[in-house]
Amino acid sequence: MKKAIVIGASSGIGREVAIQLIDDDYTVGITARRVPLLEELKDKYENKVHVKKMDISKTEEAMKELEELIKELGGLDLIVINSGYGHVNLELDWGIEKQTIEVNALGFTSIANVAYRYFSKQKSGCIVGISSIAGIRGSSYSPAYGATKSYLSNYLEGLRCKAKKEKMDIKVIDIKPGFVDTAMGQGDKAFWVAPVEVAAKQILEVIKKGKEKAVVTKRWRLIAWLMRIIPEWLYYKI
């Protein structure tokens, strides 16, 4: 039986990805700070789910907890790093900026580091990072969020290059969601909000096809393209 870990599976995309992986006959390890929400999945799926409390902003602890969870699963084939933090921060509140960096940059890197080193020894595996189309350009609404998501995509590309140079069968996938029906994806101006079930299904399709990069849902490819080509003078007015 295939084994997967979903980092940040208490709600939203991570939770739905975990459920769809279970339905696809994976044994799944799930992590988050809110353990009661994880336990709900364990109660429903019993021996197909392993639960581990984890706060990835506490990097040293999170790395040890991930290593422990891999041992509990008896191995690992796939890891989906979904944990993220972000809020509109027009006032540039330092607390929000700092936590965004700690979770989205430092936390993500600590988990990706453990996963890559494990897969390197195994000589195979798949790392999936959930970034965002917000990482395509800087954002006046949430500067640290866009910047950290850009970092995430570049870090994944670095790992992908490393795997190819080392001739390792390690797939590294960057998923860029648009607005999804989650707590983080909501907002007064949100549009084209995708059901979380649809987003998760498309993410799993990308994983199965082995694509290196993808925007979900598919309609958001247009927005991603426009974000890349729009001139600065116009982008600054948005």
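**Entry 1: helix H5**

I began with H5, where Ala144, Tyr145, Gly146, Thr148, Lys149, Leu152, Ser153, Leu156, Leu159, Arg160 and Ala163 are buried. I note here that the model is a predicted one. H5 runs over residues 143-165. I counted 23 residues in H5 and took its reach from first C-alpha to last as 33 Å, close to the 33 Å expected at 1.5 Å a residue. I then looked up what the buried residues of H5 pack against, and found H4, E5, strand E6 (169-177) and E7. After H5 comes Lys167, with a positive phi near 55°.

**Entry 2: Ser132**

I looked up Ser132 and found it in the loop between E5 and helix H5. Is Ser132 buried or exposed? Ser132 has a relative accessible area of 8%, so it is buried. Setting aside neighbours within four places in sequence, I listed the contacts of Ser132 as Tyr145, Lys149, Ile175, Lys176 and Pro177. Of these, Tyr145 and Lys149 are among the buried residues of H5.

**Entry 3: helix H3**

I went next to H3, residues 59-73, which has 15 residues. Its span from first C-alpha to last is 21 Å, close to the 21 Å expected at 1.5 Å a residue. The buried residues in H3 are Thr59, Ala62, Met63, Glu65, Leu66, Leu69, Ile70 and Leu73. Viewed down the axis of H3, these buried residues fall within an arc of 165°, so they line one face of the helix. I reminded myself that an α-helix has 3.6 residues a turn, so residues three or four places apart point the same way. On the other side of H3 I found Glu60, Lys64 and Lys71 exposed. Just after H3, Gly74 has a positive phi of about 80°.

**Entry 4: Thr27**

I picked Thr27, which lies in strand E2. Its relative accessibility is 11%, so I count Thr27 as buried. Not counting residues up to four places away in sequence, Thr27 touches Met1, Lys2, Lys3, Ala4, Asn47, Lys48, His50 and Leu73. Leu73 is also one of the buried residues of H3.

**Entry 5: helix H2**

I looked up H2, residues 35-45, and found Leu38, Leu41 and Tyr45 buried. Down the axis of H2 these residues fall within an arc of 55°, so they line one face of the helix. The face of H2 turned away from its buried side carries Pro36, Asp43 and Lys44, which are exposed. What do the buried residues of H2 pack against? They pack against H1, E2 and E3. Just after H2, Glu46 takes a positive phi of about 50°.

**Entry 6: backbone angles in the loops**

I checked Asp25, whose phi is near 75°, a positive value in a residue other than glycine. Asp25 sits in the loop between helix H1 (12-23) and E2. Its relative accessible area is 41%, so Asp25 is partly exposed.

Lys123 is not a glycine either, and has a positive phi of about 70°. I placed Lys123 in the loop between H4 and strand E5 (124-130). With a relative accessible area of 52%, Lys123 is exposed.

I also found a cis peptide bond from Val216 to Thr217, with omega near -10°. Thr217 is in the loop between E7 and helix H7 (220-229).

**Entry 7: the cavity**

Rolling a probe the size of a water molecule over the atoms shows where empty space is left. How many cavities of 30 Å³ or more does the whole structure hold? My search found one. The volume of the largest cavity is about 70 Å³. I listed its lining as Gln202, Glu205, Val206, Lys209, Lys211, Ala214, Val215, Val216, Lys218 and Arg221. Helix H6 (196-209) and strand E7 (213-216) are the elements that each give two or more residues to this lining. H6 gives the most, with four residues. I sorted the lining residues into four nonpolar, one polar and five charged. Val216, from the cis bond in the previous entry, is one of the lining residues.

Technical notes:
Residues numbered from 1 in each chain as written. Predicted model: local features only at pLDDT ≥ 70, side-chain atom pairs only at ≥ 80, totals over all residues. Heavy atoms only, no water. 1 Å grid on protein atoms, 1.4 Å probe; cavity = no way out; pocket = protein on both sides within 12 Å on 5 of 7 lines; lining within 4 Å. Points joined across faces, edges and corners; volume = space filled by probe spheres on them. Nonpolar A, V, L, I, M, F, W, Y, C, P; charged D, E, K, R; others polar. Expected span 1.5 Å × (residues − 1). Buried < 20%, exposed > 50% of the residue type's maximum accessible area, 1.4 Å probe, protein only. Arc of directions from axis to C-beta. Contact = heavy atoms within 4.5 Å.
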